[in-house]
Amino acid sequence: MEIGLADTIKALRGELSRAMADGEGRPVRLRVQSVKLDVQVAVTASAEAGGGVKFWVLTADGKATEATSTTHTISLELTAETADGGSVLTDSARGARLED
């Protein structure tokens, strides 16, 4: 099963959106400033017209099987923000209190 890097980031965005929704109206929320994502990817080159280079995220048992694949670990440092440039706030399930 091939999982594209864009699909991986899309799933992460969905999880952060759900965490934001869960935090609405809660007394304590956590501000997400950055997200570090370390993934192992297979980089494949396609000889087909318009094929280009693709990044596939490897699953736990994933192996690059094509002769034109190379496996790499990449780290992405992402800054989380809302559509209008605001901070992402999520729920704190522990009920901790923040002091100013």
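Reader: Why is Glu15 called partly exposed?

Author: Glu15 has a relative accessible area of 47%. Buried means under 20%, exposed over 50%, and partly exposed in between (1.4 Å probe, protein chains only), so Glu15 is partly exposed. This is a predicted model, in which local features need pLDDT of at least 70, side-chain atom pairs count only at pLDDT 80 or more, and totals for chains, interfaces and linings use all residues. Residues are numbered from 1 along each chain as its sequence is written, and side-chain values use heavy atoms, with hydrogens and water left out.

Reader: What makes the pairing of Arg18 with Glu15 a salt bridge?

Author: The term requires a side-chain nitrogen of Lys or Arg within 4 Å of a carboxyl oxygen of Asp or Glu. The closest N and O atoms of Arg18 and Glu15 are 2.5 Å apart, and the pair therefore qualifies. Both residues lie in helix α1 (residues 5-23), three residues apart, or about one helical turn. A helix here is a DSSP run of H or I with at least four residues, and a strand a run of E with at least two, numbered from the N terminus.

Reader: Which other residues meet in a salt bridge, and how do you know?

Author: The side chains of Glu24 and Arg29 do, with an N to O distance of 3.5 Å. Glu24, at 55% relative accessible area, is exposed, whereas Arg29, at 29%, is partly exposed. The search of the whole structure finds two salt bridges.
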